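Biologist: I would like to learn how to read a model like this one. Please take me through a few features in turn.

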Amino acid sequence: MINSSMNRIAVMILALAVFTTGVCLGFSGKTPRERYEEKFDKTVSLASDGRVQIRNLSGLIKVESWARNEVKISAVKISRAGSQDRAKSNAALVIISVRESGNTLDIETQYPQTHNLFRRDDSINISVDYQLFIPEKASIKVNSMSGDVDVRKIGGFADIHMTSGDLTVSQAGNGLQVKVISGTVRIDDVKGDITLRAVSGSVIVDRVRGSLDVDNTSGRVELRGVSEADTVRAKSLSGGISYEGKINPRGRYSFDVHSGTIEVVLPSDSAFELDAETFSGGIETDFAVQVLGKVSRNELHGTVNGGGASLDLKTFSGNIRIRKSR
Amino acid sequence: MRCKTARNMISEALGGTLGPNQAEKLERHLSSCAECRGLREDFRMIVRDAGRLEIPAPSDRVWQGIKTRMDETRQKALAKARPVIREKRPLFGLPLFSPAYRFVAVGFLAVAVVAAGVVFSLRGFRSGAPTALDKSMNTTLAKLEEAQRYYKLALKALDEAIAAQKGDLDPRIEQAFLKNREAVEASVAVCEETVAGRPSNIDVRNLLLSAYQEKLDLLNDLMAAKKTSLKRAAGPIL
């Protein structure tokens with residue numbers, strides 16, 4: 001009798017201990033209340049056609065050009081922790097490194113490497129937002145793990161690698177190379193050729209004077225106002241492709257979608273050679289096509305307005321539509 | 001009656017356990033068989049001499065042995081009838097399963113669980129986990145997994161389409177495709193295995209997607225080649 005009541009008490013104590021632990025762990029998931037900000041400002045000389053590289057783990061990156069042969073770096077460290085003191089001491093652990101090497105300026109956010117039981121690397125909740133002003137003709141290389149990137153009015157080549165975040169590029173004067181894993185890509189008013197690889201997210205390209213090579217795994221590709229292109233190549237595994245604008249009479253246009261629709265909207269006087277194929281879908285066209293070869297539900301080959309540019313449209317599962325712009 | 005049967009009956013006859021019919025049959029055999037008669041006489045002499053012998057009394061040691069065995073048998077019978085309460089042996093001299101010690105052990109365990117909970121929750125509170133970076137990485141990994149699924153669906157659909165497609169390839173071209181396909185599939189398998197071993201590694205997942213894309217391109221080329229071959233076989237359009 002005495003044994004069984006003691007057993008009951010022991011079980012209750014253990015249950016209370018587990019409950020208390022659960023409550024503690026539950027509260028630990030809450031966002032820490034305190035936020036601390038620390039500013040960083042530095043200006044460094046750089047040749048007008050110099051090169052700027054920036055690597056950031058977490059935070060926003062904005063890049064813009066200006067008329068000076070200097071790079072102005074304005075950054076804000078945003079630290080979050082359970083107390084102000086803790087947030088401030090954490091912020092001190094993250095270093096913004098600026099190194100010059102020849103004609104290259106290297107900017108990097110460096111996080112500490114600690115192996116304390118009570119503090120891990122990823123226990124520091126800090127992001128760094130950057131605003132860079134770079135010389136007009138300078139090229140920029142951005143490497144960002146998490147955070148949006150915004151590049152505007154630059155005259156040099158832009159090489160952008162992002163893991164997660166949205167990308168906006170506007171008014172770039174010397175072409176782009178972009179790799180984004182997860183995020184929306186918006187490119188507007190670019191002179192020069194563009195190479196773009198995306199895994200997940202929409203790609204919207206507007207007013208490009210140059211060739212395009214776009215690959216998107218899962219997401220739509222929208223191309224508008226493309227001109228002066230020798231080649232425009234767009235590929236999407238899952239998600240459609242739409243192209244709207246003029247075509248270069250000597251250009252080669254190739255759109256390939258595995259699962260999704262291809263829609264091409266062209267001026268009514270466009271002249272091109274058409275090769276359209278779909279495995280399981282239909283083909284519609286507003287243009288009068290002088291057919292070559294066999295006509296079938298899944299294939300259409302011929303010339304429009306006497307021929308000129310090469311238009312190669314292919315889908316595995318989806319429709320193909322060729323429309324006249326209004 | 002045979003001699004063998006008769007010999008077996010002789011000892012029963014001497015013991016007085018043979019039935020009247022059997023005894024009559026035995027007598028008839030003995031009257032005509034000297035050998036069996038001789039055997040009966042020998043048995044009679046043995047029985048007579050054995051009856052004259054003295055029966056010795058068992059020694060004390062024998063009685064003690066019998067008594068011990070009887071006690072053991074009785075104890076076993078008692079044990080079956082009632083459960084035995086075994087006494088637990090102490091561990092390192094401590095009475096391990098006594099209620100008091102059990103109580104103390106549970107108390108220590110409870111304190112240890114709460115202490116561990118406080119330590120880990122403080123770590124989590126201090127870090128503010130999950131951070132925006134953690135969430136972002138989880139989203140990215142989820143998107144990469146989604147992309148993998150799309151690729152697998154696409155590859156499956158292409159495989160089925162190729163299998164259903166008419167048109168034969170030149171054997172040399174077909175051989176080349178098969179070789180390339182084997183190489184690409186081996187590459188995909190290695191990448192898949194690497195991803196399975198390191199599921200949070202984004203670079204490794206990207207490699208897998210590239211491998212899928214290679215396979216997709218190859219299958220697309222194969223489909224196009226078969227189509228072209230089919231058109232050639234159909235002849236020129238007049």
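Modeller: Start with strand pairing. In this predicted model, strand β15 (residues 203–209) of chain A runs parallel to strand β17 (residues 221–227) of chain A, and the two pair over 6 bridges. As one example, Val205(A) has Leu223(A) as its bridge partner in β17(A).

Biologist: How many bridges join β17(A) to strand β19 of chain A?

Modeller: There are 4 bridges between β17(A) and β19 (residues 241–244) of chain A, and these strands also run parallel. Across this pairing, Arg224(A) stands opposite Glu244(A) in β19(A).

Biologist: Now a single residue. Is Lys88(A) buried, exposed or partly exposed?

Modeller: The general idea is to count neighbours: 20 or more other C-beta atoms within 10 Å make a residue buried, and 12 or fewer make it exposed. Lys88(A) has 15 within 10 Å, so it is partly exposed. Lys88(A) belongs to helix α2 (residues 84–93) of chain A. Its C-alpha atom is 9.7 Å from that of Glu34(A), although 54 residues separate the two along the chain.

Biologist: Into which domains is chain A divided?

Modeller: Chain A has domain 1 (31–149) and domain 2 (193–326). The C-alpha centres of these two domains are 41 Å apart.

Biologist: How many helices and strands does chain B have?

Modeller: Chain B has 8 helices and 0 strands. Of its 238 residues, 15% count as buried. For contacts in chain B between residues at least 6 apart in sequence, 69% join residues at least 24 apart.

Terms used. Residues are numbered from 1 along each chain as its sequence is written. Chains are lettered from A and ligands numbered from 1 in the order in which they are written. This is a predicted model: local features need pLDDT of at least 70, side-chain atom pairs count only at pLDDT 80 or more; totals for chains, interfaces and linings use all residues. Domain bounds come from an automatic or database domain assignment. Two residues are in contact if their C-beta atoms, placed from the backbone, lie within 7 Å. Two strands pair if DSSP finds at least two bridges between them.
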